[in-house]
Amino acid sequence: MAVLQQLEPVPVPMPAPPQEINGSARPMSLDIGREVDPVSTEITFGSGPRRGDTRNVVIMYGRGQEKIVAVAAEVLGKSYHLRNGFGDVTPEDQDLVVGIPADSARANVGTRDRAAVVVINAHCVNLGMPPDAYLSAECDFEFLYTETPFFRRDLSRFISHTLGQLSHHETLMAKPRTYFMSTTFPDVRAALPNIDILTVGSDAIELRVDLLKEPLNDGTFSAVPSLSYVGEQVMLLRQRTELPIIFTTRCTKENGRFPMDNPDLYYEYLYRAIQWGVEYIDVEIWLPETIRRKLFEQRGNSRVMSAFHDFSGTFKWPSARAESVFLESRRYADIVKMIAIINDHNENFELEYFRSKIRAEYPDSPPLSAANMGETGQFSRTLNRVFTPITHPLLPIIAAPGQMSAAEINQALALLGHLPRKNIYGISNPSTRSVTPQAPFYEKCFNELGLPHHFAVVERQLKGPGCIEAWCNQKSFGGACLNPAVSFTELVANSPFFSSFNNGAGPALSEAARLIGMVDTIVVRPSPSNSGSSMPGSVSSSPRRHQDGDSFSAAISQQSGLPPNTSLIFDNASWKGILSTLTRDLAPSAYFGRVAVVMASSADDAASALFALKALKVGKVYTVGFKAPPALARDLLIEPFNSLESLQRARMVGSSDTDDRAGAGSPFVVVSALGPEKSNLVGMLVRVFGSRGSGKTRKVFLDLADGSVPRRGDPGLIAEQSGFAAYGSGDVTAFTTVETLRLLVGQNVPYSFVRLASGRALF
């Protein structure tokens with residue numbers, strides 16, 4: 001069996017001389033030379049989909065825009081009613097989405113029961129006029145939209161974030177390194193054609209509001225872009241990238257263009273960014289404490305990045321001032337950012353001592369993002385691990401002196417020996433070779449990221465030089481993705497190499513791999529230097545032998561043996577691909593308590609889908625063609641289809657309900673993991689579970705079969721005709737690839753780039 005291990009970045013302590021800070025010598029360890037850990041903390045249900053804000057959702061809409069209320073209700077998985085004003089909202093509207101015309105809402109939006117309702121001002125930009133300023137100021141959140149094909153997708157992202165059902169922040173802070181792209185365009189429209197390439201390697205994208213240029217009728221530009229112009233820029237950016245947005249109003253003193261004579265102007269723009277559902281706001285520390293505190297208290301599900309920049313050249317990291325800046329910054333911050341100009345290369349090492357000191361003395365403080373500016377300070381950018389600002393050659397200007405691209409940082413890390421070249425494999429069966437991500441795609445990603453690694457697709461054999469353990473037991477092994485996934489019990493039971501880890505228990509398991517029981521990603525990471533080796537010492541000095549006595553080939557033997565103090569983690573990325581697909585156009589709450597059907601030929605084929613549905617808190621799952629694994633059946637109501645009676649029971653669940661949430665003929669979501677050869681059966685069952693009557697809520701159908709294989713009939717087309725929103729394996733594969741790359745190399749490649757590189761652009 002394998003061992004469940006909480007995946008957390010493991011620091012490797014290094015001896016460091018005492019460093020004098022504030023007049024006292026303290027022994028501290030320096031981060032320089034620590035190997036970069038490509039594995040992030042395992043994301044469990046605790047930081048996955050959540051119920052979030054449970055207040056009644058009220059949508060204020062413009063004339064002729066009633067449709068937005070119906071779409072918002074569908075995204076949330078609720079029914080809706082239209083009312084004439086807040087006074088008409090009654091306790092009977094609990095668990096409904098209520099729509100109120102904007103003209104009527106003005107009368108009493110300011111006196112509403114804020115503890116009972118959350119108000120979203122929905123404004124269609126196509127109307128050609130800015131939002132009502134009074135409603136913008138009084139609402140909790142404001143959704144700006146255009147009537148585009150991806151309108152529902154934008155609304156789903158907005159609602160999931162503002163109501164706290166999904167959180168980017170916890171996931172990002174669990175990564176060993178995070179970067180954000182600093183856009184410097186006067187109009188984000190100029191960036192949109194290349195946004196997929198610009199954001200490779202970025203975990204977030206910064207909108208430099210102070211660099212925006214709003215054109216005026218006389219041919220000049222506004223000194224400060226208006227809120228309506230900035231709001232439209234946020235909307236356009238969010239429509240074209242799934243990355244979290246950092247909203248920055250950089251002041252003139254700190255290399256920006258926002259005037260400093262009116263601090264209230266900063267509050268007005270930054271608070272509006274919170275209302276727009278921006279994930280991060282950059283709050284400069286020079287602003288009055290009252291403003292910083294108010295923004296922090298009103299941030300909702302957005303996060304505050306407290307920013308300090310010093311361009312004087314006199315700032316010193318070992319000084320008392322540096323520590324006091326950090327302590328003041330952390331009071332109203334989720335992330336502390338400190339940036340300074342330096343004059344000498346050695347000041348980069350002083351920053352690293354400061355970083356270590358902060359970590360040691362203030363372990364409960366927000367994460368610190370610190371770097372030095374200018375060419376002299378570029379070394380510090382390679383060592384910073386929290387939201388390092390990066391640039392790109394396609395940007396018109398860099399946002400700050402010395403900024404580097406993600407590729408340049410990775411190349412520097414490789415030259416310093418912190419990012420050694422590794423061999424990463426796509427391991428497949430001969431029958432699935434065509435659906436395994438091919439080497440050219442991964443090589444393209446590695447090239448864009450500036451990574452030194454090599455990717456190769458290899459065919460799995462049960463024993464001999466081509467077996468999985470042969471590829472893993474190499475000095476330069478950097479990880480692998482397996483297609484199809486393999487049972488971890490099978491991997492360990494048939495391999496003396498894998499079973500030798502952790503004193504015979506096998507490699508560590510993520511929670512997903514443990515419950516799903518299937519491994520599709522093998523991650524390599526160094527163990528703590530002060531712990532015992534996870535493998536026998538003989539592993540690195542001699543080739544392993546299989547139970548039948550066959551040894552590896554001479555070529556493998558020459559590089560056989562993982563380095564000492566190296567461990568393997570078995571993980572599963574497929575479930576995240578399924579989860580991301582299911583929540584792309586719907587908020588997680590749309591699935592809470594709903595009924596699902598999963599079709600598969602075996603429990604192994606269905607396990608990832610069951611795990612994703614469990615994360616989405618579905619109420620009940622009907623299974624077709626397999627018996628659910630006990631580990632996944634725990635805390636999840638599962639009933640197999642074993643008769644026509646059970647089939648009819650599933651069709652009729654909730655059919656007598658007046659609530660459209662129950663669905664006219666449940667279930668709400670149908671997932672098929674059956675092969676292409678069984679498409680006729682899938683199509684028949686989809687028709688059986690299709691909507692009957694005039695239910696307002698579309699159901700969801702997810703087909704995991706390989707779309708490249710010819711089949712009889714198209715279950716996706718049948719699902720669309722039967723009242724389902726249909727998704728295919730292409731979306732799941734793209735999202736799974738994003739997660740696989742994050743696990744293997746610790747870097748983000750956006751979904752949009754994956755689809756673009758695979759030949760299917762989104763726009």
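Helices (H or I, at least four residues) and strands (E, at least two) are here DSSP runs, numbered from the N terminus. Axes are lines fitted to C-alpha atoms, for helices over the stretch in contact, and angles run from 0 to 180 degrees between N-to-C directions.

Colleagues, this is a predicted model, in which local features need pLDDT of at least 70, side-chain atom pairs count only at pLDDT 80 or more, and totals for chains, interfaces and linings use all residues. Residues are numbered from 1 along each chain as its sequence is written, and side-chain values use heavy atoms, with hydrogens and water left out.

The chain contains 27 helices and 29 strands. Of its 763 residues, 59% are buried, meaning under 20% relative accessible area with a 1.4 Å probe, protein chains only.

I turn to one helix pair. The axes of H20 (residues 574-582) and H21 (residues 603-615) come within 8 Å and cross at roughly 50°. From H20, Ser574, Trp575, Ile578, Leu579 and Leu582 meet Ser608, Ala609, Phe611, Ala612, Leu613 and Ala615 of H21, contact being heavy atoms within 4.5 Å.

Next, helix H10 (residues 320-330). Which of its residues are buried? They are Ala322, Glu323, Val325, Phe326 and Ser329. Seen down the axis of H10, these buried residues fall within an arc of 155°, so they line one face of the helix; the arc is that of the directions from the helix axis to the C-beta atoms. Their packing partners are strand E13 (303-310), strand E14 (335-341), helix H11 (347-361) and strand E15 (368-373).

Note on methods. Buried means under 20% relative accessible area, exposed over 50%, partly exposed in between (1.4 Å probe, protein chains only).
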